[in-house]
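This report describes selected local features of one protein chain.

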Amino acid sequence: MFNSERLRIARERRGLTQRALAEAAGLTSKTISNYEKAGIFEPIASDSMERIASVLEYPIEFFLDRDVPSLTPEAVSFRAMTKLSAQKRDSALGAGKLAQELSAWIDGQFKLPKPNIPDCSFDGYSEPERAARAVREAWGIGELSISNIIHLLEANGVRVFSLAENCVEVDAFSFWMDEKPFVLLNTMKTPERSRFDAAHELGHLVLHKHSSNNGRQAEQDADRFASALLMPERSILASVPRMPSLDQLVLLKKNWKVSLAALVRRTFDVGLSSEWHYRQLAIELNRRGYRTGEPQGMPEREKSLILEKVFTSLHSQGVKRVEILKQLRFPADEIGALTFNNRFFMEAIAGDGLSSSIKHKRPPHLSLVK
């Protein structure tokens with residue numbers, strides 16, 4: 001028996017319309033439409049789902065009757081909802097559902113950090129700067145620069161996954177599901193902008209857990225939170241001169257691992273740049289092409305430490321990639337897309353045969369260093 005929702009997820013992940021899938025599989029559009037409306041169903045033609053699975057390059061087992069994680073557009077913090085096509089939105093939501101399944105599978109094998117996300121969605125703490133200070137205090141990082149934002153999120157129970165190239169129009173998004181926080185990050189942006197995206201999504205998790213995380217005001221609040229989290233006011237005031245030049249900021253931005261544009265804006269927010277000076281810096285930044293090319297950028301992108309530890313542990317046990325694929329029932333490219341193309345999964349665990357089943361008397365505990 002097949003699950004129609006899984007058919008819809010796979011089709012949307014591949015960016016195909018019902019008509020395009022039907023033509024490629026040698027079926028009618030009506031057949032695909034009926035299958036996606038059927039709930040739990042058995043195909044009339046025994047080879048229909050095999051043909052569909054072949055076109056979508058998903059294992060036939062993926063479509064078998066299993067519960068599908070829920071995720072609605074209203075629960076997700078999309079950055080520019082009005083500019084996002086329905087096709088890209090649905091593909092990203094599909095990634096979010098697969099991320100939940102992958103996360104549940106990992107939870108069944110390993111003991112991960114429990115969520116430790118301050119709830120600042122109530123009056124008194126919903127102001128972004130104050131919320132950022134509350135998070136820093138709760139996590140014990142004071143005014144220190146955040147060396148790796150993804151590792152910090154994971155150490156505090158956030159499940160962080162990557163978005164595939166077919167979701168390049170989506171900056172990042174986050175959501176709460178069953179009291180677990182999730183963040184999915186676009187890997188096509190500069191490392192500095194990706195760090196800001198991660199902090200921005202944390203802002204949604206902290207500020208909008210019990211309210212709308214969509215809309216212009218919510219996005220502005222998440223931006224202000226990210227700026228304050230990555231560049232604490234006291235740290236900026238102690239390091240950046242008044243009315244700084246762009247060249248000075250280029251040299252200083254590495255202290256906080258942020259983009260030049262973000263630091264330029266922060267100097268205005270904390271009163272180091274007048275409005276006129278801020279505008280001049282922004283004009284010069286654009287003139288030099290620093291909006292698209294980051295000067296003195298970070299050498300490499302930050303990635304998940306949890307996922308690296310998970311697949312390293314599995315590799316040390318002799319678990320092969322084919323067995324992981326068998327258990328998850330995912331295509332290999334989808335796992336790679338969600339795991340920052342983790343080298344341990346894509347290379348070290350690769351093998352042709354099945355190894356012993358994944359069994360732990362006690363789930364290993366994965367610890368992270370902030």
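Helices, taken as DSSP runs of H or I with at least four residues, are numbered from the N terminus. The model discussed here is predicted.

Just after helix 3, G39 adopts a positive phi of about 75°. Helix 3 itself spans residues 29-37, and its buried residues are I32, S33, Y35 and E36. These four residues lie on the same side of helix 3, because they cover an arc of only 160° around the axis. K30 and K37, on the other side of helix 3, are exposed. The cover over the buried residues of helix 3 includes helix 1 (4-13) and helix 2 (18-25) on the one hand, and strand 2 (40-41) and helix 4 (48-56) on the other.

Strands of a sheet pair through backbone hydrogen bonds, in either a parallel or an antiparallel manner. In this model, an open sheet of 3 strands has the order 3-5-4, and its pairing is mixed. Strand 3 (159-163) and strand 4 (172-177) are the edge strands, each pairing on one side only. From one strand to the next, the twist averages 20°. Strand 4 and strand 5 (residues 180-186) run antiparallel and are joined by 6 bridges. A172 has L185, in strand 5, as its bridge partner. Packed on the sheet is helix 5 (residues 86-109), which touches strand 3, strand 4 and strand 5. The direction of helix 5 makes about 125° with that of strand 5.

Most residues other than glycine have a negative phi. Which phi value does M243 take, although it is not a glycine? The phi of M243 is positive, at about 50°. M243 is found in the loop between helix 10 (233-239) and helix 11 (246-252). K257 likewise is not a glycine and has a positive phi, of about 55°. The loop that holds K257 lies between helix 11 and helix 12 (260-269). The table sets out the accessibility of these two loop residues.

| Residue | Relative accessible area | Class |
|---|---|---|
| M243 | 37% | partly exposed |
| K257 | 28% | partly exposed |

Both values fall in the partly exposed class, because that class lies between the limit for buried, under 20% relative accessible area, and the limit for exposed, over 50%.

Methods:
Residues are numbered from 1 along each chain as its sequence is written. This is a predicted model: local features need pLDDT of at least 70, side-chain atom pairs count only at pLDDT 80 or more; totals for chains, interfaces and linings use all residues. Side-chain values use heavy atoms; hydrogens and water are left out. Buried means under 20% relative accessible area, exposed over 50%, partly exposed in between (1.4 Å probe, protein chains only). The arc is that of the directions from the helix axis to the C-beta atoms. Contact means heavy atoms within 4.5 Å. Two strands pair if DSSP finds at least two bridges between them. Axes are lines fitted to C-alpha atoms, for helices over the stretch in contact, and angles run from 0 to 180 degrees between N-to-C directions.
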